Amino acid sequence: MAKKSTLQLENVNLYIVNWLKQYAINAKMNGFIVGISGGVDSAVTSTLCAQTGLKTLCVEMPIHQHESQVNRGKEHIEQLKLRFPNVESSIADLTSTFETFKLAVPNSEDTAKLHLSLANTRARLRMTTLYYYAGIHGLLVAGTGNKVEDFGVGFYTKYGDGGVDISPIADLMKSDVYALAQFLKVPHSILNAAPTDGLFGDDRTDEDQLGASYDELEWAMITDKNKIKTTNFSEREHTVFDIYKKLNLINQHKMIPIPVCIIPNKLK
């Protein structure tokens, strides 16, 4: 199911960078801020922002973070700062903030829901932190979600990593992101690492959570649903397609505009 990217990498790179720069200029903002996770999406996003020549602030926000994720993030930031003089960095260790939050809210006997709520809380604390920095420095919060996550399976936290000003790579499939990452010379440690959201403080991967790899989900996203019924696909392909359909359905609340109750004119 693996898909090879067909992007015209040089042209796409230039297009996104110009789009970012023009948007920031029109918005009268000084540049961009990116939360660095040690993953490929944030590495690509921050590199694209850096190429604009505008101020690009890379922020590490560890919360009981796995050492390997921290190390990959630091490696990326250091090489980015060597390549681009407009790149700056900061660290906001949110571990104690997260622990204080846990003490301020009630516990739950439903362990699964508790762990998921706390994972989403990590993402929301990071969003709040990014907007704090953005407000001080006059920066735009650049989102790091790709097309599979943002518009396929909704694999992000609402008002967490989904709370951004602009989304430069949200029209790129995960395979496209990896191809662009190689083109942009993202560190090999990031290119070779298994994708993970890092929200649970352990070594679980995105595939562990989703039940399918990004290659598989990408295949399901571009496969005609009617074709599934008429084509002799394998058992695994049917399973993947079912996973994709389920996730796409239950996460629609993230992908559609917030419902607004429109009051009829006759009631006004």
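Is glutamate 99 buried, exposed or partly exposed? Glutamate 99 is partly exposed, with a relative accessible area of 28%. You will meet this residue again in the third view of this predicted model.

**View 1. Helix α1 and its buried face.** Welcome to helix α1, which runs through residues 9–26. Look for Val12, Asn13, Ile16, Val17, Leu20 and Ala24, which are buried. Seen down the axis of α1, the buried residues fall within an arc of 130°, so they line one face of the helix. The cover over these buried residues includes β1 (31–36), α2 (40–50), β4 (139–141) and α7 (174–183). On the face turned away from the buried side, you can find the exposed residues Glu10, Leu14, Tyr15 and Asn26. Just after α1 comes lysine 28, with a positive phi of about 55°.

View 2. Side chains of opposite charge can pair when their charged atoms come close. Here lysine 55 and glutamate 88 form a salt bridge, at 3.7 Å from N to O. Lysine 55 belongs to strand β2 (residues 55–60) and glutamate 88 to strand β3 (residues 87–91), so the pair ties together parts that are 33 residues apart in sequence. Both partners are partly exposed: lysine 55 has a relative accessible area of 23%, and glutamate 88 has 37%.

**View 3. Salt bridges within helices.** In helix α4 (residues 95–104), glutamate 99 and lysine 102 are three residues apart, about one helical turn. Their side chains meet in a salt bridge of 3.4 Å, N to O. Lysine 102 is partly exposed, at 32%. Now turn to helix α12 (residues 235–250), where lysine 245 and aspartate 242 also lie three residues apart. The closest N and O atoms of their salt bridge are 3.8 Å apart. Lysine 245 is partly exposed at 42%, and so is aspartate 242 at 45%.

**View 4. A buried glutamate.** Glutamate 218 sits in helix α10 (residues 214–222). This residue is buried, with a relative accessible area of 0%. Its side chain makes a polar contact of 2.6 Å with the side chain of serine 175.

**View 5. Cysteines without a disulfide.** The count of disulfides here is zero. The closest cysteine sulfur to that of cysteine 49 belongs to cysteine 58, and at 8.2 Å it is too far for a bond. Cysteine 49 is buried, at 0% relative accessibility, whereas cysteine 261 is exposed, at 66%.

Conventions:
Residues numbered from 1 in each chain as written. Predicted model: local features only at pLDDT ≥ 70, side-chain atom pairs only at ≥ 80, totals over all residues. Heavy atoms only, no water. Disulfide = S-S within 2.5 Å. Buried < 20%, exposed > 50% of the residue type's maximum accessible area, 1.4 Å probe, protein only. Helix = DSSP H or I, 4+ residues; strand = E, 2+ residues; numbered from the N terminus. Expected span 1.5 Å × (residues − 1). Arc of directions from axis to C-beta. Contact = heavy atoms within 4.5 Å. Polar contact = N/O pair within 3.5 Å; in protein donor to acceptor, adjacent residues only side chain to side chain. Salt bridge = Lys/Arg side-chain N within 4 Å of Asp/Glu carboxyl O.
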